[in-house]
Amino acid sequence: MPCVIDLNAVTQTFVSSDGSPVTALHNVNLHLQRNEFISLIGPSGCGKSTVLRLIAGLLRPSAGEVRIFDLPVTEPRDEIGMVFQKPTLLPWLSVVDNITFPMRHKYGRVDARDQARAQALLQMIGLQDFGHKRPHELSGGMQQRVAIARSLLHDPDILLMDEPFSALDALTRDEMSFELLRICSERPKTVVFVTHSIQEALLLSDRIVVMSARPGRVSQIIDVPLARPRTLQTLTDPVFTRMANEIREQVFTRHAH
Amino acid sequence: MKAFAFRHASLLAFIVLLGLWELACRALAVPEFILPAPSAIALAAGSLGLARWAEHVWATIEVALLGYALAIALSIPLAVAITRSALLSRIVMPWLVVIQSTPIVAVAPIIVVTLGAGVLPRVAITTLLAFFPLVVSTCLGLSSVPAEFIELSRSLRANTARQYWQVRMPFAIPHVFSAMKVSVTLAVVGAVVAEFVAAEKGLGYLILFTTSSFKVPVAFAALALLVLSSLTLYSLVQWVHQRFFGWSSPKKA
């Protein structure tokens, strides 16, 4: 089975401000299949954002290796699209220019194909009338949708999302979860989704990686057998509720250690 | 009527002040060479003639603008270089502080002796004065880009030049423009200081010349023009900021 993303015995240590070493990750092993949606969940400090940055090529592992498409990761790769916690839209650019920004930033130019694709993405996220607005004229949820559209401009195989909905209010979060489900069903990708929300993880993922802190490590990988397409009904499915309780218990007991 | 008065309260207050000034000078018979009345200043201004005034105003403004332009041209690339290289920053920053700590009035005569008479030493003095706030603010602006935007830039694998041009510089704009407003007024100060040391025309020269021959009303008129010029340049920088970089100004609620 060809794996898209491999983390092999990855350990990450940082030097903290007083000079002492901090182990952010210890011996993490992860193998992701093509078009799999996995969530990384765990308490603060368990290293889930570090895992994401290692896959993104923004960090190099202290030990072990990270491979994408069976090639070691040394720098950010073109096959990856990334969405951050904050929308990170450039305030001086219009919405549509923000979506095409990756091309302008990487290659210095935006061709007609990119423009067309940006328009299509605007349509997909339902903001076709907002193309010429500035980010500050949009709500938080709309901005984050633009950020997602931006990450999809070059049609990446892999989407990395670092708590993309955590800065949004609860209602918008739910809406965005279903939005993401829809986007992923239209163009399947391998997605690594970092979240604090067990509900989000269960709703969106094929597998959930539960991590624990001090040092950061994988404590359990759980298969999510819920049928797709996932809908509002899924939230009230007894399997959903049971799994949510199990995971919650796990996270709390581990955290208490 | 009341709304009109409120909006223009500052200007109206100034006019009232002028009126009181005029009355006080006449009532107390203040000598002209100590404190001229506004009417005397206006009269003296008229006596010089428009052509002569234009000559003096332009002499000062020309040096101020040249020095300002040179200061911008030097400071921004230097600020970029300092932000990129920690080594360069350590080497250059102390020297910048030294330059800034040196009283420009003391250095001005030395510069004139070294660079001779003419426009060059005056532009050099002006540039020296206007330079420091621009470097410091630009450095601050370039390094206070929110971390997530640098991460975005890195995740897109853009080269450093593009990172600076497309992400860091635009974020630095508010800092750069606040320094540009300060620097433009400093450039006028620099031009005037330079004229005190070595010049045959200009508003600074005129103030020096006329006060030494007790033609104080003319000096006041020159001062008023100086202030007006400084204000105009300041407003011009403000306008450029709004017009071309309006997105970086704080939004009105």
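pLDDT is the predictor's confidence in each residue, on a scale from 0 to 100. The structure examined here is a predicted model, and its chain B has a mean pLDDT of 89, with 98% of the residues of that chain reaching 70 or more. Within chain B, the lowest confidence is found in helix H1 (residues 2-7) of chain B, where the mean is 82, whereas the highest is found in helix H4 (residues 50-84) of chain B, where the mean is 93. For the complex, the predictor gives an ipTM of 0.88 and a pTM of 0.81.

With regard to the interface between the chains, 17 residues of chain A are in contact with 15 residues of chain B. On the side of chain A that touches chain B, the largest share is contributed by helix H2 (residues 95-107) of chain A, which supplies 4 residues. By residue type, this side of chain A is made up of 8 nonpolar, 4 polar and 5 charged residues.

The packing of helices was examined within chain B. Two packed helices are described by the angle between their axes and the distance between the axes. The axes of helix H7 (residues 119-143) of chain B and helix H9 (residues 160-197) of chain B come within 7 Å and cross at roughly 160°. Because angles over 145 degrees count as roughly antiparallel, H7(B) and H9(B) are roughly antiparallel to each other. The crossing in which H7(B) passes H9(B) is right-handed, and the residues of the contact of H7(B) with H9(B) comprise 21 nonpolar, 8 polar and 2 charged.

Methods. Residues numbered from 1 in each chain as written. Chains lettered and ligands numbered in written order. Predicted model: local features only at pLDDT ≥ 70, side-chain atom pairs only at ≥ 80, totals over all residues. Contact = placed C-beta atoms within 7 Å. Helix = DSSP H or I, 4+ residues; strand = E, 2+ residues; numbered from the N terminus. Nonpolar A, V, L, I, M, F, W, Y, C, P; charged D, E, K, R; others polar. Axes fitted to C-alpha atoms, helices over the stretch in contact; angles between N-to-C directions. Parallel < 35°, antiparallel > 145°, perpendicular 65-115°, else oblique. Left-handed = near helix turned anticlockwise from the far one by under 90°.
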